Amino acid sequence: MAPYEVDDCRGVLKVYSDGSIWRSTEPSFQVPVLDDGSVMWKDAMFDETNNLHLRMYKPAAAVAKKLPVFYYIHGGGFCIGSRTWPNCQNYCFKLALALQAVIIAPDYRLAPENRLPLAVEDGFASVKWLQAQALAAEPDPWLVDSADFSRVFISGDSAGGNIAHNVAVRLRTGSKSLEPVQVRGYVLLAPFFGGTRLTESEAHGPKDAFLNWELIDRFWRLSIPDGDTMDHPLVNPFGPVSLDLEPVDLDPILVVCGGSDLLKDRAKEYAERLKNWGKDVKYVEFEGQQHGFFTINPDSEPAIQLMQIIKDFITKHSTF
C-alpha cells in the first residue's frame, strides 16, 4: 500500500503514513519582501554542528551608535517557519526601524524531525552566540559596532514566545551566566503554551481561526517528545511535572495576545500567575485580534499600537 498523507501543516510540511516527511522550499506566506534599503541585514551561523543561522538587522542611518539588541524568535508551532520567510523578514525590518535596535532572528531545528527540547536548546544557543561575540578577540564588526550588549531583550512569536519563556527560566534574573551580555526583559507575543486540560478559548474558539484547534493539536502532536503529553514541562509552564516558578527570579516580561486568539487564556493565566507571585509581568490583550495579527497585518492600527508598547517596554527597562 502506497504511503498516504497523515498531516499537513499549512501546505509546507506533509507527514506520511510511513513516517516520511516532505517540506516545501517555499514559505506558507507568499508576500513580497519590502526591502527599501533603510535597514541593513546579514546572516551569520551560530551553530555549525546543526547548520543553524540567524539574521541580523540594524537601521542603516544609525551609524556609530550603540543600539539595544532585540531577539525575534519566529513562530510556526515548532514545525514550520524560518528567519528567511518574507513575513518574518518584513516584521524584522519594521522592528529595527521602530525600535531603533539591532534585531537578531535565529532559526531553530523543526519538528517532527527534531522534537522538543531541541528548539528550546537552539534558542538558548543563539543567545549564547551573542555572548561569544561579546567576548571574541575578533568579533563581527557589523554587530559589535552597533550592539549594546548591556541592553538585550529576548522576544518570540508563538512557538518563539514559548522558547523565550524557557530561556528566561534558564537564565534567571540578571542573566549572570551570559556576562557581559545582560538581558533586561522578555517579550512573549502570543506564546504557544499547552496542557492536557483544554482552556475555554481552546475548546470553544472559532473553527475558522487563523490558528484553530485542529492545527494547534497537530503542531503539539508533531513536536512533543514521543510518549509525552501536552503537560510536558516545556509545553505547560504550570503542569504537574513542571518546575515550580513561584520561587524563580525572572527578568521583566511583557505578554501580548489577541482577544480572538485560541492561545489567549493560557497567555493571560501565565501572566496573572507570575504577577501574583510578585514577578514584574505586564499583560496586554488586543480585542478582536487573531493569532499573529502583528505580522499578518503589520500596518494595522493594533500592530502599530503593539510596536509602541514594545518600544515603551524597552525604554523602561533600559536603565536601572
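What follows is a chat about a predicted model, covering its cavity, its nonpolar cores and a few loop residues.

Biologist: Ground rules first: what counts here?

Modeller: The model is predicted, so local features need pLDDT of at least 70 and side-chain atom pairs count only at pLDDT 80 or more, while totals for chains, interfaces and linings use all residues. Residues are numbered from 1 along each chain as its sequence is written, and side-chain values use heavy atoms, with hydrogens and water left out.

Biologist: OK, how many cavities of 30 Å³ or more are there?

Modeller: The count is 1. A cavity is a set of points, on a 1 Å grid over the protein atoms alone, where a 1.4 Å probe fits but cannot get out. Points are joined across faces, edges and corners, and the volume is the space filled by probe spheres set on them. The largest cavity holds about 310 Å³.

Biologist: Which residues are closest to its centre?

Modeller: F29, G75, G76, N87 and D157, out of 23 lining residues; lining means an atom within 4 Å of a point.

Biologist: And the core, which residues have the most contacts inside the largest one?

Modeller: W129, L130 and I154, in a nonpolar core of 77 residues. Such a core is a set of buried Ala, Val, Leu, Ile, Met, Phe, Trp, Tyr and Cys residues joined through side-chain atoms within 4.5 Å, and buried means under 20% relative accessible area with a 1.4 Å probe, protein chains only. Helix α4 (residues 159-171) gives the most, with 7 residues; helices are DSSP runs of H or I, at least four residues, and strands are E runs of at least two, numbered from the N terminus.

Biologist: What does L130 touch?

Modeller: Beyond neighbours within four places in sequence, L130 is in contact (heavy atoms within 4.5 Å) with V69, Y71, I104, L143, F149, V152 and V181.

Biologist: Switching topic: where does R115 sit?

Modeller: In the loop between β7 (102-106) and α2 (118-135). The R115 side chain reaches two backbone oxygens, that of L222 at 3.3 Å and that of I224 at 2.6 Å.

Biologist: What's up with the peptide bond joining L116 and P117?

Modeller: That bond is cis, with omega about 15°. P117 lies in the loop between β7 and α2. Another cis bond runs from E179 to P180, with omega near 10°.

Biologist: And S175, is that one buried or exposed?

Modeller: S175 is buried, at a relative accessible area of 0%. Phi of S175 is positive, about 40°, although S175 is not a glycine.

Definitions and conventions: 1 Å grid on protein atoms, 1.4 Å probe; cavity = no way out; pocket = protein on both sides within 12 Å on 5 of 7 lines; lining within 4 Å. Buried < 20%, exposed > 50% of the residue type's maximum accessible area, 1.4 Å probe, protein only. Polar contact = N/O pair within 3.5 Å; in protein donor to acceptor, adjacent residues only side chain to side chain.
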